[in-house]
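Look at the model first, then read on.

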Amino acid sequence: MRPHGLPENLTTMASSPRPRIGARARRLADADYQALGAFRRAMREFLAFSEAGAREQGLTSQQHQALLAVRSHVGPEAMNVGELAACLLIKNHSAVELVGRLVDHGLLERRSSDEDRRRVLVYLTPLGANALEVISIRNLGQLRRTSEILEGILQTTLRLEEQGALKTRTPST
């Protein structure tokens, strides 16, 4: 697995060959499509809910995601700007600008690494930590309300995997 829980083959998954139209595929039941549709709708509703929570705190969705990435970072030292860019799937210069805006708003602070002065590390300020906690508590409550849908798609996935209907990918190490 890559840092931040993203599979290394994320880019190759999007470019993998697509099945031909009309090609013989494993048949999914109506309930499988219903579970998938409910899950997709729940994801979209959650994202809209999360974005509204960020707006209530005066943040954009990307700013909220950046605060969450910084707070959830695991490593020997704080997250650096390059790691933030990778986590948010944005270019390094975009992450630099994003961090600059968050610093200007008093939500993050930048410090040079003690080990390598060229590396810029980012830290939550108390104001940033408070805004993130308000949004996160609200988001976790919303996830709890959609737990039945999440459990349903997980059960569908496990059942289809047991039936051999899903290709499972082994994460690279």
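Predicted model: local features only at pLDDT ≥ 70, side-chain atom pairs only at ≥ 80, totals over all residues.

Residues are numbered from 1 along each chain as its sequence is written, and side-chain values use heavy atoms, with hydrogens and water left out.

**Helix pairs**

| Pair | Angle between axes | Axis distance |
|---|---|---|
| H2 (residues 30-56) and H7 (residues 147-162) | about 140 degrees | 9 Å |
| H3 and H5 (residues 92-104) | roughly 90 degrees | within 11 Å |

H3 is therefore roughly perpendicular to H5 (65 to 115 degrees). Their contact (heavy atoms within 4.5 Å) uses Gln62, Gln63, Ala66 and Leu67 of H3 and Leu98, Arg101 and Leu102 of H5. By class, four of these residues are nonpolar, two polar and one charged.

H2 and H7 cross with left-handed sense (the near helix is turned anticlockwise from the far one by less than a right angle). H2 contributes Asp32, Ala35, Leu36, Ala38, Phe39 and Ala42 to the contact, while H7 contributes Ile149, Leu150, Gly152, Ile153, Thr156, Arg159 and Leu160. Nine of the contact residues are nonpolar, two polar and two charged.

**Asparagine 80**

Asparagine 80 sits in the loop between helix H3 (61-72) and helix H4 (81-88). Asparagine 80 is buried, at 11% relative accessible area (buried means under 20%). A polar atom of its side chain lies 2.9 Å from the backbone nitrogen of glycine 82. Leaving out residues up to four places away in sequence, asparagine 80 touches Arg119, Val120 and Leu121.

Methods:
Axes fitted to C-alpha atoms, helices over the stretch in contact; angles between N-to-C directions. Helix = DSSP H or I, 4+ residues; strand = E, 2+ residues; numbered from the N terminus. Nonpolar A, V, L, I, M, F, W, Y, C, P; charged D, E, K, R; others polar. Buried < 20%, exposed > 50% of the residue type's maximum accessible area, 1.4 Å probe, protein only. Polar contact = N/O pair within 3.5 Å; in protein donor to acceptor, adjacent residues only side chain to side chain. Parallel < 35°, antiparallel > 145°, perpendicular 65-115°, else oblique.
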